[in-house]
Amino acid sequence: MHQIKTFNAIAPEGMERLEKEKYAINESDQPEGIILRSKKLQETDLPDSVLGIARAGTGVNNIPVDACTEKGIVVFNTPGANANAVKELVLTSLLMSVRPVVQGINWAQELTGPDISEQAEAHKKQFAGRELEGKKLGVIGLGSIGAMVANDAYRLGMEVMGYDPYVSVDTAWSISRRVQRAQDISEIFTTCDFITVHVPLQEKTFHLIGQKEIAMMKNSAHLLNFSRSEIVDNHAVVEAINNNELAGFTTDFADEQLLHHDHITVLPHLGASTEEAETNSAKMAVRTLKRFIETGVIKRSVNFPAVDMTFYSPYRITIINRNVPNMLGQISAVIADSGINIDNMINRGRDDYAYTLVDIDESDENKISEVADKLRETKDIIRVRVIKKEEVPY
Ligand SMILES: NC(=O)c1ccc[n+]([C@@H]2O[C@H](COP(=O)([O-])OP(=O)(O)OC[C@H]3O[C@@H](n4cnc5c(N)ncnc54)[C@H](O)[C@@H]3O)[C@@H](O)[C@H]2O)c1
Ligand SMILES: O=C(O)[C@H](O)COP(=O)(O)O
């Protein structure tokens, strides 16, 4: 039985793909796999049993990824699975930043008397807004979300400029050629009426938008943050808005200093909270983790290379090692010295670590267990796993 632990509510459409005969959910404190959303794993001791962690979502800043890599724990996420949900909320927020819709709705609810309709007509002017058409939107980060926001904002009639020095080839192909490319991030800050940021939280994106960057923006600009709170310096935002140096801010991340401010809208991290996004993310996370547990195949990992090989042999050995010279030679030698024939083998490196799958033409479990122990004793090998090929019913 494979033991899985979950944190946060993971959509049942995903969890039900873990067959009851093979998987036990939240029944052990020694799980092989963890599935979670935004739970901060930094606050949890990870037992040695953990092989893989699947984030049903995109941001992995709630997972101690470097520590996991050192322990040979593979971390996965679900790229793009919730992008449409975030895009729709960003577009909603853009529209709400120019139309005082919520204020109008709340005002209308308070109306009393026999002439409600006349009162509404007489006072509607106070809720007049502006239009997005013809205004310029800057999109920082053209990944799954940024690319969708850029394309759809263009379709709404906005002029759109994007900035992403690391944009992937696939995403670059999906972006409308009418979206202008900024050569430098300052072009976005100095020329745009609306600026939305869609980058991961990393050391180099912490306070990517701070006092200096806000000072470059138009006083009439509106800033949106649906990425992570720490990417924008909220204190600098409040100061700038109070000094009329920035017109407004919408964020998906609650922070006390942002509350009860007329020009600041705070949402309770709702970007990915749609039925569709939760289902997509859960299904993708479960599929990825299940494949890794059952076959050792790695896909969509944020800390190990993608490695796939069809599993034909009776047993597979998976090896995580430091990416240093002659590891493959050592692995092959240990296996050959044990008299085991290698059917197939694949190895990929990523930064300081590498991952190897070795399919062996051997069914003697004692012999396989001995060779696995010898591999574990080899310098620079961090983790070794033996997987028995499961019978696939026809
Ligand atoms: N509010 C929510 O509920 C919600 C939902 C999903 C994702 N997110 C956040 O949004 C982030 C982006 O999500 P995504 O699915 O688009 O991820 P993604 O990985 O597809 O795209 C991120 C993009 O940012 C770019 N980038 C990285 N550093 C940059 C920099 N310094 N300047 C410009 N571009 C840079 C990358 O090249 C990449 O194209 C996630 O990391 C997560 O933190 C929030
Ligand atoms: O990074 C993400 O995917 C989002 O922030 C969604 O987080 P959630 O799964 O906690 O809603």
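Ile319 stands opposite Val384 of strand E16. The model is predicted: local features need pLDDT of at least 70, side-chain atom pairs count only at pLDDT 80 or more, and totals for chains, interfaces and linings use all residues. Residues are numbered from 1 along each chain as its sequence is written, with chains lettered from A and ligands numbered from 1 in the order in which they are written.

Strand E13 (residues 315-322) pairs with E16 in the antiparallel sense over seven bridges. Pairing requires at least two DSSP bridges between two strands. Strands (E, at least two residues) and helices (H or I, at least four) are DSSP runs, numbered from the N terminus. The open sheet has four strands, in the order E14-E15-E13-E16, with antiparallel pairing. Strands E14 (342-350) and E16 (381-388) are the edges, each pairing on one side only. From one strand to the next, the twist averages 15 degrees.

Helix H12 (residues 327-337) lies across E13, E14 and strand E15 (353-360), at about 30 degrees to E15. Angles run from 0 to 180 degrees between N-to-C directions, and axes are lines fitted to C-alpha atoms, for helices over the stretch in contact. Contact means C-beta atoms, placed from the backbone, within 7 Å.

Met327, Ile331, Val334 and Ile335 of H12 are buried (20 or more other C-beta atoms within 10 Å of the residue's own; exposed, 12 or fewer; partly exposed, in between; C-beta atoms placed from the backbone). These buried residues fall within an arc of 95 degrees down the axis of H12, so they line one face of the helix. The arc is that of the directions from the helix axis to the C-beta atoms. The buried residues of H12 pack against E13, E14, E15 and H13. Exposed residues Gly329, Ala333, Ala336 and Asp337 sit on the face turned away from the buried side of H12.

Notes:
Two residues are in contact if their C-beta atoms, placed from the backbone, lie within 7 Å.
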